[in-house]
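Colleague: Hi! Could we go through this one together? I'd like to talk about charged pairs and then about helices.

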Amino acid sequence: MQKSQLKVAGISAGITLLLSGIISIGVATSHELFSSAPTAISQSAAQSASGAKETDTSQPESAALAGREAQSGEQTPSPATPTEEPAAEPVDCSKVPCVALTFDDGPDATLTPRILDTLKAKKVKATFFQMGRNIAGNEAILRRAIAEGHTLGTHSWDHPQLPLLTEGDINWQITNTKAVSQQASGVQPTLMRPPYGLFNDTVISLTTNSNDAIIMWDVDTEDWKNLDVQTTTDRALSGAHPGAIILLHDVHPSTADAVPGIIDGLKNAGYTLVDIPTLLGSTNPGEIYYNGLEPQAQ
Ligand code: NI
């Protein structure tokens, strides 16, 4: 096991992100090196942030109001042509408990479409953080994900530990993946998840330049390690809380097999499953987000 010193910025304590407190950690050779740290901070961050989120109200009433006016017989223009299915009401995660399923390391030619099938059948939106090198040949999967209402983010070109690279190489990992994703899907990603959750001040600065928010997680299923449907499911369900960002990988058959049960379990527990933009609202480039209750201030 090789040990190297790696600078990692961004340890959240409550609603304060101590970016100034750059720390060094020993690095193991596991897949998601930093997987436990966000979990450790999540609860305190979530609790201290819950008050602030209460004030974040948008206008979910407008649809209901329009409906009421239409019913009252006043001179309201009749609603647009009725569709077969009523449009889904916008989800307001400040009012209902939301969780976001996120899938890293794809797209995978077989498993990503399987997961998309499940999400479609269960009417759930999710977010995919994709590697640039996996996109060639899988462009149709990206277009399908967008067409079905999901959100695409980036996850570097080939999964390096970004803080170990030169600034130029980090920038290439970020911007080339973003360009290739946009070319394939027609939509420019604005969310970036660094491999292993590792970032430093250079990564933050470059994602600010590239107009990407840094999206971490606070529930780690460790699906890549356990490769077990039940364990992955249990970890997702036991870690869930309002605002949770759940980390999964759409490159393992066991994960694809676990997704239906995870969705059912979360729904049974009263959660609404949303994509990251719905969970977080508008995000700021270069800012780091661990969950939906409080963006981490720099
Ligand atoms: Ni990854």
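Colleague: Let's start with R235: buried, exposed or partly exposed?

Modeller: R235 is partly exposed, with a relative accessible area of 33%. Keep in mind that this is a predicted model.

Colleague: Which residue does R235 form a salt bridge with?

Modeller: With E222, and the closest N and O atoms of the two are 3.9 Å apart. E222 sits in the loop between strand 10 (219-220) and helix 7 (223-226), while R235 is in helix 8 (residues 229-239). The two are 13 residues apart.

Colleague: And why is E222 called buried?

Modeller: Its relative accessible area is 16%, and buried means under 20%, so E222 counts as buried.

Colleague: Got it. How many salt bridges are there by this rule?

Modeller: The count comes to 10 salt bridges. As background, side chains of opposite charge can pair when their charged atoms come close.

Colleague: What about D212, which residue does it pair with?

Modeller: D212 forms a salt bridge with K178, and their closest N and O atoms are 2.9 Å apart. D212 lies in the loop between helix 6 (201-209) and strand 9 (213-215), and K178 is in helix 5 (residues 167-185), so this pair ties together parts that are 34 residues apart in sequence.

Colleague: Are D212 and K178 buried or exposed?

Modeller: Both D212 and K178 are buried.

Colleague: And R114, what is its partner?

Modeller: That would be D257, with the closest N and O atoms 2.3 Å apart. R114 is partly exposed at 33% relative accessible area, and D257 is partly exposed at 43%.

Colleague: Time for helices! How do helix 3 and helix 4 cross?

Modeller: Their axes come within 11 Å and cross at roughly 15°. Angles under 35 degrees count as roughly parallel, so helix 3 is roughly parallel to helix 4. The crossing of helix 3 and helix 4 is left-handed.

Colleague: Which residues make the contact?

Modeller: Helix 3 brings T112, P113, L116, D117 and K120, and helix 4 brings I141, R144 and A145. By class, the contact of helix 3 with helix 4 has four nonpolar, one polar and three charged residues.

Colleague: Which residues are joined with D117 into one salt-bridge network?

Modeller: K120, R144 and E148 are in that network with D117, joined by salt bridges that share partners.

Key
Residues are numbered from 1 along each chain as its sequence is written. This is a predicted model: local features need pLDDT of at least 70, side-chain atom pairs count only at pLDDT 80 or more; totals for chains, interfaces and linings use all residues. Side-chain values use heavy atoms; hydrogens and water are left out. A salt bridge is a side-chain nitrogen of Lys or Arg within 4 Å of a carboxyl oxygen of Asp or Glu. Buried means under 20% relative accessible area, exposed over 50%, partly exposed in between (1.4 Å probe, protein chains only). Helices (H or I, at least four residues) and strands (E, at least two) are DSSP runs, numbered from the N terminus. Axes are lines fitted to C-alpha atoms, for helices over the stretch in contact, and angles run from 0 to 180 degrees between N-to-C directions. Angles under 35 degrees count as roughly parallel, over 145 as roughly antiparallel, 65 to 115 as roughly perpendicular and the rest as oblique. A crossing is left-handed if the near helix is turned anticlockwise from the far one by less than a right angle, and right-handed if clockwise. Contact means heavy atoms within 4.5 Å. Ala, Val, Leu, Ile, Met, Phe, Trp, Tyr, Cys and Pro count as nonpolar, Asp, Glu, Lys and Arg as charged, and the others, Gly among them, as polar.
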